[in-house]
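Thank you all for making time this morning. Please bring up the sequence and the model on your screens, and I will talk through cores and salt bridges.

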Amino acid sequence: MQHPAVPELAHTATRPIHWLATAAALAAVVAGSAVLQPDPATAAQTGPKPHPRAAAAAPAPAPAPDPASVDFPITCGPVKPVVKEKATGDLDGDARPETVAVVHCRAGSGTPPDGIYVITRPAAGKPRVVATLVDPKDRLTVSDFALRDGTVTATLLGYSTPDVPRCCPDKHDKAKWQWQDGTFERTTPAEALGV
């Protein structure tokens with residue numbers, strides 16, 4: 001509220017001319033921004049182009065082994081094994097990708113134990129399992145599975161005793177495997193099993 005001793009100021013009362021001036025200024029800003037647009041972005045790379053024969057001579061990278069074409073060392077009786085998760089990457093530094101698969105037996109209910117297997121593609125022949133990182137006989141379930149920078153990581157869920165309900169694992173172990181000296185080394189006390 002204005003003090004009665006202060007006279008009414010002309011700019012405190014809005015008139016239609018003020019609204020017209022504001023609208024004209026806003027229109028000028030919008031029109032100016034439409035005219036002064038940046039050039040459209042392109043995805044073209046700059047730099048020298050490779051020689052056509054050099055590009056043709058480079059071999060295509062080998063595809064990662066497909067776990068669907070592998071016989072896993074897991075006994076499932078009349079049902080088939082299921083690949084729960086998979087990831088690919090170069091684990092041994094040979095510039096050819098391996099596939100790591102988390103596999104369990106198909107079950108109608110419950111949580112079947114998982115196995116973690118490393119699959120490689122030899123120079124000739126079909127893909128095959130070359131290492132077992134987690135054996136289903138250990139009765140563990142795998143979560144938080146990943147393969148990054150040549151390292152396989154997972155959380156292994158298990159049970160401390162047979163009395164622990166199978167719905168609620170009470171053991172949670174973080175595991176990490178890396179290829180060292182011709183074998184997969186685990187950073188926790190348990191050892192990886194070779195096939």
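This is a predicted model: local features need pLDDT of at least 70, side-chain atom pairs count only at pLDDT 80 or more; totals for chains, interfaces and linings use all residues.

Let me begin with a question: does Asp 71 count as buried or exposed, and at what relative accessibility? Asp 71 counts as exposed, because its relative accessibility is 68%, where exposed means over 50% relative accessible area, buried under 20% and partly exposed in between, with a 1.4 Å probe and protein chains only.

Residues are numbered from 1 along each chain as its sequence is written, and side-chain values use heavy atoms, with hydrogens and water left out.

Now to the salt bridges, each being a side-chain nitrogen of Lys or Arg within 4 Å of a carboxyl oxygen of Asp or Glu; the structure holds 3 of them. Asp 71 forms one with Lys 126, at 4.0 Å from N to O. Asp 71 sits in the loop between helix H2 (52-57) and strand E1 (81-89), and Lys 126 in the loop between E3 and E4, so the pair ties together parts that are 55 residues apart in sequence. Helices (H or I, at least four residues) and strands (E, at least two) are DSSP runs, numbered from the N terminus. Lys 126 is exposed as well, with a relative accessible area of 52%.

In another salt bridge, Asp 114 meets Lys 84 at 2.7 Å, N to O. This pair also links distant parts of the chain, with Asp 114 in the loop between E2 and E3 and Lys 84 in strand E1, 30 residues apart. Asp 114 counts as buried, at 0% relative accessibility, whereas Lys 84 is partly exposed, at 33%.

Let us turn to the nonpolar cores, each a set of buried Ala, Val, Leu, Ile, Met, Phe, Trp, Tyr and Cys residues joined through side-chain atoms within 4.5 Å. The largest has 19 residues, of which Val 100, Ile 116, Phe 145, Val 152, Leu 156 and Trp 177 touch the most other members. Among the strands that give two or more residues to this core are E2 (98-105), E3 (115-120) and E7 (171-180). A second, separate core of 10 residues includes Ala 101, Val 103, Tyr 117 and Ile 119.

Finally, what is Ile 116 in contact with, leaving aside its neighbours within four places in sequence? Counting heavy atoms within 4.5 Å as contact, its partners include Val 100, Ala 131, Phe 145 and Trp 177.
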